[in-house]
Amino acid sequence: YLSLSNMPNYKLTYFEARGFAEVSRQLFHLSGTPYVDNRIQRERWGEFKSMTPFEKVPVLEIDGKVLPQSFAIARYIAREFGFAGRSNLEAAWIDAYADQFKDYLEYIRPFFKVAIGASQGDFEQLKKEFAEPNRDKFFGFLEKLAKDNGLNGHFVGDSLTWFDLLIADHILTMENFVPGFLDAFPAVLETREKIVNTPKLKEWIEKRP
Amino acid sequence: SMLRYKLIYFPIRGRGEVARQLFYLAGVPFKDDRITISEWSSLKAKTPFGQLPVLEVDGHQLAQSFAIFRYLAQEFGFAGDSPLEALWVDVTADQHKEYENKIKPALRFQGSEEEKEQLMRNVAEPARDKYFPLLEKIAEEHGSSGHFVGASLTWVDLLIAEHASILLKQFPGFLDRYPTVLAIVDAILSTPKLKEWLEKRPDTAF
């Protein structure tokens with residue numbers, strides 16, 4: 001086939017949800033990079049599973065090469081398009097906080113699975129036992145980070161990064177489950193407000209499926 | 001002396017060793033700050049996440065072992081020869097972390113022989129047999145004869161080789177079913193400059 005430009009062909013495959021693909025979708029949109037936003041229905045997952053390296057989505061196809069792992073994908077795209085900070089050290093800072101975030105997601109999982117309806121359980125009890133203490137620990141770090149960064153609308157550095165997008169999207173999800181979930185973290189919320197009001201991002205949030 | 005880099009960690013290999021190896025392989029001097037438990041208790045609150053290792057670069061602190069390894073690897077040329085290779089290095093490292101977290105309880109267990117055996121059968125072996133076939137597949141598709149990803153030494157080579165050397169000391173034969181992995185680990189540990197470090201580094205149990 002004929003490629004009409006030097007730009008690689010990108011196809012991102014995930015379910016019909018924001019989940020672990022949303023940050024990558026936002027990066028494509030923010031950078032003005034064309035890509036195929038391939039959303040598959042959960043019932044059809046069996047057909048696609050074996051085509052992925054680790055039987056998981058999202059996967060990113062670049063000129064037919066299939067790449068797994070949402071964070072590795074987001075980091076890769078962010079570095080390619082300039083959303084990974086202005087230096088290697090800033091990029092490393094982002095990686096460090098992203099890893100902490102991943103750990104936090106693991107810790108709140110018992111609550112999260114019930115909140116999204118993937119398991120049965122006592123929502124209130126799990127919220128108190130898993131969501132709240134882990135929130136206080138992780139978002140405590142972020143509150144300090146936002147303040148130390150001068151409340152400039154970003155968690156690290158002075159440019160929009162994939163970590164900004166990661167956190168803003170997660171806050172949206174958690175507020176849907178627990179209104180006011182992050183009320184004790186005003187610097188985080190202020191940073192989130194500025195992130196989601198970035199014009200090109202606002203545009204995407206309004207028109208996305 | 002004005003050293004740019006200081007690595008703060010306990011006097012063990014653990015989650016600091018790959019960073020030390022990267023400095024040594026790159027020929028970059030650094031302060032290898034091995035601290036005591038009591039020094040840690042006063043330092044802890046001053047670190048980003050209350051955890052070690054921490055890397056200080058020109059006075060700025062960086063935490064989280066993988067972020068540190070990736071940073072040093074990028075600076076010194078051990079992160080793969082292209083952004084795509086760097087991605088596969090990251091992916092392999094994350095798979096490795098997942099496996100190590102699962103197998104850790106079985107490796108550190110100090111109890112009855114019977115309980116140890118059960119942990120081996122119920123935890124260690126399944127964790128191994130889930131991860132190492134994937135690792136072999138990655139090496140086949142993206143690696144080369146002496147490397148898990150790409151054709152030059154990367155931080156994930158160091159990560160896996162370090163783990164394998166501890167594992168095999170404790171459980172010889174544990175990876176016999178994975179000759180490709182063993183061959184790559186062997187090749188990595190035979191890299192001259194790394195071999196030099198392995199011989200002269202402080203001797204610690206883990």
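Which residues of chain B does UniProt give for the feature "domain: GST C-terminal"? I looked this up first. The unreviewed UniProt entry places the feature at residues 82–206 of chain B.

**Entry 1: the model and its scores**

I noted that this is a predicted model. I read an ipTM of 0.92 and a pTM of 0.94 for it.

I then examined the make-up of residues 82–206 of chain B, which are 74% helix and 0% strand. The end C-alpha atoms of that span are 33 Å apart.

**Entry 2: strands of chain B**

I followed the pairing of β3(B), residues 54–57, with β1(B), residues 5–9. These strands run antiparallel and are joined by 4 bridges. Within this pair, I located Ile8(B) opposite Val54(B).

I next turned to β4(B), residues 60–63, which pairs with β3(B) over 4 bridges, again in the antiparallel sense. Here Val57(B) stands opposite His60(B). I saw that β3(B) and β4(B) form a hairpin with 2 residues between the strands. In this hairpin, Asp58(B) takes a positive phi near 50°.

**Entry 3: where chain B meets chain A**

How many residues does each chain bring to the contact? I recorded 28 residues from chain B and 27 residues from chain A. The two chains bury about 2400 Å² between them, and 62% of this area is on carbon and sulfur atoms. I noted that Phe49(B), Leu84(B) and Leu87(B) supply 24% of the area that chain B buries against chain A, more than any other three residues.

I also looked for polar links. The interface of chain B and chain A holds 4 salt bridges. I inspected the salt bridge of Asp90(B) with Arg75(A), in which the closest N and O atoms are 2.9 Å apart. Across the same interface, I listed 7 residue pairs in polar contact.

Which elements of chain B each supply at least two residues to the side that touches chain A? I identified β4, α3 (65–76), α4 (83–108) and α5 (113–142) of chain B. I recorded that α4(B) gives the most to this side, with 10 residues.

Terms used
Residues are numbered from 1 along each chain as its sequence is written. Chains are lettered from A and ligands numbered from 1 in the order in which they are written. This is a predicted model: local features need pLDDT of at least 70, side-chain atom pairs count only at pLDDT 80 or more; totals for chains, interfaces and linings use all residues. Side-chain values use heavy atoms; hydrogens and water are left out. UniProt positions are given in the numbering used here, feature names are shortened, and annotations may be inferred rather than shown by experiment. Two strands pair if DSSP finds at least two bridges between them. Contact means heavy atoms within 4.5 Å. Buried area is the accessible area (1.4 Å probe) that two parts lose on being put together, summed over both. A salt bridge is a side-chain nitrogen of Lys or Arg within 4 Å of a carboxyl oxygen of Asp or Glu. A polar contact is a pair of N or O atoms within 3.5 Å; within protein, one must be able to donate a hydrogen and the other to accept it, and residues adjacent in sequence count only if both atoms are side-chain atoms.
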